Amino acid sequence: MRPDLELKTPFPPDQGTMRDVFNKGYHRPPEWLDPRVILDLGCNIGLTLVDLALRFPQAFLVGAELDRSNYEVALENTENIGNIKVIHCGIATWDGGCCYEMDSAHSTNSFHIEGEGELPCLTLDTFLERYLSGQKVEYMKVDIEGMERDLFKLSSSAAWPQIVQFVSVETHY
């Protein structure tokens, strides 16, 4: 890791996430993949974005995070790395607003999206068009706390499967 990076992990579960990200690398693409565009859906506090930016300095990375506190920490954790953009947004099956609820049954670091609300949500197709102008994504990490099922259920009518080359999913069912 670069000595000028001071990563913040303000929430207790984030200490374990930091170990998993930097020591175990569970989120990393296969070794044969050399991505130029990386998308991190559910980027939490930006640790995966930092790790991937350091491993793939030629890549442009975009992260999406719905939780306002996590989003703000992700901005701080990525501010000294020029090839990362973090968006305050959830990925859902509709464009508009949503709300979420903490899901303590599964983890202290988990939540699920519910109905309409004031938080920004976009479909993956809209997100890709708005923030990447529809360009090809070589690697996409998906950790969107239960919306994975809906994302893939609707993929037959969506454009994103033709744009995204490789997907890694952390499931929450």
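A crossing of two helices is called right-handed if the near helix is turned clockwise from the far one by less than a right angle, and left-handed if anticlockwise. The views below show a predicted model.

**View 1. Helix H1 passes helix H2 in a right-handed crossing.** Two packed helices are described by the angle between their axes and the distance between the axes. Here the axes of H1 and H2 cross at roughly 20 degrees and come within 10 Å. H1 is therefore roughly parallel to H2, since angles under 35 degrees are counted that way. On the H1 side the contact is made by Asp-14, Thr-17, Met-18, Val-21 and Phe-22, and on the H2 side by Leu-47, Thr-48, Val-50 and Asp-51. Sorted by type, the residues of this contact are five nonpolar, two polar and two charged.

**View 2. A salt bridge joins Glu-76 and Lys-8.** The side chains meet at 3.6 Å, N to O. Glu-76 belongs to helix H3 (residues 68-78), whereas Lys-8 sits in the segment before helix H1 (13-24), so the pair ties together parts that are 68 residues apart in sequence. Glu-76 is partly exposed, at 36% relative accessibility, and Lys-8, at 35%, is partly exposed as well. The view also takes in Glu-6, whose C-alpha lies 9.3 Å from that of Glu-76. In sequence, Glu-76 and Glu-6 are 70 residues apart.

View 3. An α-helix has 3.6 residues a turn, so residues three or four places apart point the same way. Arg-68 has a relative accessibility of 42% and counts as partly exposed. Glu-72, with 40%, is partly exposed too. Elsewhere in the model, salt bridges that share partners join Arg-28, Asp-51 and Arg-55 into one network. Asp-51 of this network is also one of the H2 residues in the contact with H1.

**View 4. Arg-36 and Asp-34 meet in a salt bridge.** The distance between the two side chains is 3.7 Å, N to O. Arg-36 has a relative accessible area of 44%, which makes it partly exposed. Asp-34 is partly exposed at 43%. This pair is one of the salt bridges in the model, and a search of the whole structure finds seven.

**View 5. Asn-44 has a positive phi in the loop between strand S1 and helix H2.** Most residues other than glycine have a negative phi. The phi of Asn-44 is near 55 degrees, a positive value in a residue that is not a glycine. The loop that holds Asn-44 runs between S1 (37-41) and H2 (47-55). Is Asn-44 buried or exposed? At 15% relative accessibility, Asn-44 counts as buried, because the cut-off for buried is under 20%.

**View 6. Ser-133 follows helix H4.** Ser-133 has a positive phi of about 50 degrees although it is not a glycine. Its place is the loop between H4 (124-132) and strand S7 (137-142). At 60% relative accessibility, Ser-133 counts as exposed, because the cut-off for exposed is over 50%. In H4 itself, the residues Leu-124, Thr-126, Phe-127, Leu-128 and Leu-132 are buried.

**View 7. Overview of the chain.** The chain has six helices and eight strands. From the N terminus on, these elements run α-β-α-β-α-β-β-β-β-α-β-α-α-β. How much of the chain do buried residues make up? They account for 50% of the 173 residues. Of the contacts between residues at least 6 apart in sequence, 64% join residues at least 24 apart.

Note on methods:
Residues numbered from 1 in each chain as written. Predicted model: local features only at pLDDT ≥ 70, side-chain atom pairs only at ≥ 80, totals over all residues. Heavy atoms only, no water. Salt bridge = Lys/Arg side-chain N within 4 Å of Asp/Glu carboxyl O. Helix = DSSP H or I, 4+ residues; strand = E, 2+ residues; numbered from the N terminus. Buried < 20%, exposed > 50% of the residue type's maximum accessible area, 1.4 Å probe, protein only. Axes fitted to C-alpha atoms, helices over the stretch in contact; angles between N-to-C directions. Parallel < 35°, antiparallel > 145°, perpendicular 65-115°, else oblique. Contact = heavy atoms within 4.5 Å. Nonpolar A, V, L, I, M, F, W, Y, C, P; charged D, E, K, R; others polar.
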